[in-house]
Amino acid sequence: TGVQTCALPIFLVGGLGRMADEYERLFDDEGCDLIFVENTPRGLKGAPRASGIIVVTTNVSHPLREMAVEVAARVDCPIHYIDRPSLSGIRKELRAILGKAGVLA
């Protein structure tokens, strides 16, 4: 497991359920807690705070994407969009969020 570098969780909205374990390992390796929201707003609704939100645009409904935008505005965190659920793309956006938070050099 990685060293915790992120005080607040990061949401991954969309993506593929069959890759949930891989997403979890990726976030753990980067020192972040993942909240994976595949296709229902259950984990996203009422989110108190977050370091950021990554939205996989090809694997998310419009209402869920809109909810992610609302949460990002409410909790004042960055939102990043990617067009496919690849680990390399998610890692890139995760590191961008951590960089903006001043966590990475």
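Colleague: How many salt bridges does the structure hold?

Modeller: A salt bridge is a side-chain nitrogen of Lys or Arg within 4 Å of a carboxyl oxygen of Asp or Glu. This is a predicted model, in which local features need pLDDT of at least 70 and side-chain atom pairs count only at pLDDT 80 or more, while totals for chains, interfaces and linings use all residues. Residues are numbered from 1 along each chain as its sequence is written, and side-chain values use heavy atoms, with hydrogens and water left out. By that rule, the number of salt bridges in the structure is three.

Colleague: With which residue does E30 form a salt bridge?

Modeller: The closest N and O atoms of the pair are 2.8 Å apart. The partner lies in helix α3 (residues 87–100), whereas E30 lies in the loop between α1 and β2, so the pair ties together parts that are 65 residues apart in sequence. Helices (H or I, at least four residues) and strands (E, at least two) are DSSP runs, numbered from the N terminus. The partner of E30 is R95.

Colleague: Is E30 buried or exposed?

Modeller: Buried means under 20% relative accessible area, exposed over 50%, and partly exposed in between (1.4 Å probe, protein chains only). R95 has a relative accessible area of 41% and is therefore partly exposed. The value for E30 is 13%, so this residue is buried.

Colleague: Which residue meets E66 in a salt bridge?

Modeller: The N to O distance in this pair is 2.7 Å. E66 counts as partly exposed because its relative accessibility is 35%.

Colleague: What is the relative accessible area of R84?

Modeller: R84 forms a salt bridge with D83, and their closest N and O atoms are 3.5 Å apart. D83 is partly exposed, at 48%. R84 is exposed, and its relative accessible area is 51%.

Colleague: What is the handedness of the crossover from β1 to β2?

Modeller: Strand β1 (residues 10–13) and strand β2 (residues 34–37) run parallel and are joined by four bridges; two strands pair if DSSP finds at least two bridges between them. The chain crosses from β1 through helix α1 (residues 20–29) to β2. A crossover is right-handed if, with the strands pointing away from the viewer, the path from the first strand over the helix to the second runs clockwise. This β-α-β crossover is right-handed.
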